Amino acid sequence: MVQVRVAGVALDPDGQRVVLLKPIDSLPGEGSILPIWIGAQEATSILIAVEGAVTPRPLAHDLMRSMVAALGAEVDRVEVARIDDGTFYAEVTLSSPRGTQAIDARPSDAIALASRTAAPIFVADDVLIEAGIPDVLAVDDAEENIEEFKHFIDDIEPEDFRE
């Protein structure tokens, strides 16, 4: 397992959201980056958590964090454990008075929860080897993308979260 951080959330050329995970010991423009395509709501939720933005009402991942805490549990770690036919699989490891439990999760939900609880995020070595791509993002590009996402967050309306 390799510990990673959320390097950003981006839009691919087709307008699909992708979360970018980068090993914590790699510098920008070096090593690999793991792109995982996610839904719009999950992307927004991750961005809000990473940016430390405040929402008027709790989002689903805020609710998850509150429920975990209300049950006396803690999120120990999140793992992107495997990839099968292009689908990523993750686990959230909780510790509680009942012991330690690993819970199956979508990577986007696991990452959003970890981003709210400061839990470490890990990626299996095999997953990074199979799906990782070289990080060629320059620091200037990263700053431009961050500004673009800040504008995205500023334009979010509560109606965007209704199903």
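Predicted model: local features only at pLDDT ≥ 70, side-chain atom pairs only at ≥ 80, totals over all residues.
Buried means under 20% relative accessible area.

**Entry 1, His-61.** I found His-61 in helix H2, which covers residues 60-70. Then I asked which residues His-61 is in contact with, leaving aside its neighbours within four places in sequence. My list reads Glu-42, Ser-45, Asp-109, Ala-112, Leu-113 and Arg-116.

Next I went to S2, residues 17-23. How many of its seven residues are buried? I noted six, so the strand is mostly covered. On one side I followed the pairing with S1 (residues 2-11), which is antiparallel and has seven bridges. Within that pair, Val-6 has Leu-21 as its bridge partner. S1 and S2 make a hairpin with five residues between them, and Gly-15 in the turn shows a positive phi of about 85°. I also traced S2 to S3 (residues 32-38): the two run antiparallel and are joined by five bridges. There I found Arg-17 opposite Ile-38.

I looked up the largest nonpolar core and got 35 residues. Val-19, Leu-21 and Leu-34 have the most contacts inside it. H3 gives this core its largest share, five residues. I jotted down a general point as well: in soluble globular proteins, nonpolar side chains tend to be buried together. Back at Leu-21, I listed its contacts, again skipping neighbours within four places in sequence. They include Val-4, Val-6, Ile-33, Leu-34 and Ile-36, and also Val-80, Ile-111 and Val-123. Arg-5 is on that list too.

Asp-85 has a phi near 50°, a positive value in a residue other than glycine. Where is Asp-85? I placed it in the loop between strand S4 (74-84) and strand S5 (87-96). Its relative accessibility is 77%, so Asp-85 counts as exposed. Ala-118 is not a glycine either, yet its phi is positive, about 60°. I found Ala-118 in the loop between helix H3 (107-117) and strand S7 (121-123). With a relative accessible area of 71%, Ala-118 is exposed. The cut-off I used for both is over 50%.

Methods
Residues numbered from 1 in each chain as written. Heavy atoms only, no water. Helix = DSSP H or I, 4+ residues; strand = E, 2+ residues; numbered from the N terminus. Contact = heavy atoms within 4.5 Å. Buried < 20%, exposed > 50% of the residue type's maximum accessible area, 1.4 Å probe, protein only. Pairing = 2+ DSSP bridges. Core = buried A, V, L, I, M, F, W, Y, C linked by side-chain atoms within 4.5 Å.
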